[in-house]
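Hi everyone, thanks for coming. Let me put a structure up on the screen, and then we'll walk through it together.

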Amino acid sequence: MKTRIIHTRIWEDDWFCSLSNDAKILFLYLITNQRINLSGIYRLSDRIISFDTKISEKRLNSLKIELS
């Protein structure tokens with residue numbers, strides 16, 4: 001099992017607080033899902049992200065823009 005540490009002060013970070021709730025969920029999902037490798041690079045389809053997070057694929061595209 002891989003482990004990731006997320007500092008609790010993320011909830012006070014200006015950038016993170018400015019995100020929509022769905023973007024926060026997506027961000028946390030992307031840094032904590034089991035498909036990530038040690039280098040932080042992984043191949044993950046929008047369909048899988050959508051299934052795991054319950055965010056529609058259409059909404060997912062706008063969230064990617066929000067996070068970028």
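At what angle do the axes of helix α2 and helix α4 cross? Keep in mind that this is a predicted model. Helix α2 covers residues 21–32 and helix α4 covers residues 57–67. Their axes come within 10 Å of each other, and the crossing angle is roughly 80°. Angles of 65 to 115 degrees count as roughly perpendicular, so that is the word for how α2 sits relative to α4.

Now, which residues meet where these two helices touch? From α2 we have Asp22, Ala23, Leu26, Phe27 and Leu30. On the α4 side, they meet Arg59, Leu60, Leu63, Glu66 and Leu67. Sorted by class, this contact has seven nonpolar residues, three charged ones and no polar ones.

Some of those names come back in the next part, the largest nonpolar core. It has 12 residues in all: Ile10, Phe16, Leu19, Ala23, Leu26, Tyr29, Leu44, Ile49, Ile55, Leu60, Leu63 and Leu67. The elements giving two or more residues to this core are α2 and α4. As background, nonpolar side chains in soluble globular proteins tend to be buried together.

Leaving out residues up to four places away in sequence, leucine 60 touches Leu26, Asp46, Ile49, Ser50 and Ile55.

Let's move on to the charged pairs. How many salt bridges does the structure hold? There are three.

One is between arginine 59 and aspartate 22, with the closest N and O atoms 3.1 Å apart. Arginine 59 is in helix α4 and aspartate 22 in helix α2, so this pair links parts of the chain that are 37 residues apart.

Another salt bridge joins arginine 35 and aspartate 52, where the closest N and O atoms are 3.0 Å apart. Here a loop residue, arginine 35, pairs with aspartate 52 in helix α3, 17 residues apart. Arginine 35 is partly exposed at 32%, and aspartate 52 is partly exposed at 33%.

Then we have lysine 64 with aspartate 46, their closest N and O atoms being 2.6 Å apart. Lysine 64 has 37% relative accessibility and counts as partly exposed, while aspartate 46 is partly exposed at 24%.

Technical notes:
Residues are numbered from 1 along each chain as its sequence is written. This is a predicted model: local features need pLDDT of at least 70, side-chain atom pairs count only at pLDDT 80 or more; totals for chains, interfaces and linings use all residues. Side-chain values use heavy atoms; hydrogens and water are left out. Axes are lines fitted to C-alpha atoms, for helices over the stretch in contact, and angles run from 0 to 180 degrees between N-to-C directions. Helices (H or I, at least four residues) and strands (E, at least two) are DSSP runs, numbered from the N terminus. Angles under 35 degrees count as roughly parallel, over 145 as roughly antiparallel, 65 to 115 as roughly perpendicular and the rest as oblique. Contact means heavy atoms within 4.5 Å. Ala, Val, Leu, Ile, Met, Phe, Trp, Tyr, Cys and Pro count as nonpolar, Asp, Glu, Lys and Arg as charged, and the others, Gly among them, as polar. A nonpolar core is a set of buried Ala, Val, Leu, Ile, Met, Phe, Trp, Tyr and Cys residues joined through side-chain atoms within 4.5 Å. Buried means under 20% relative accessible area, exposed over 50%, partly exposed in between (1.4 Å probe, protein chains only). A salt bridge is a side-chain nitrogen of Lys or Arg within 4 Å of a carboxyl oxygen of Asp or Glu.
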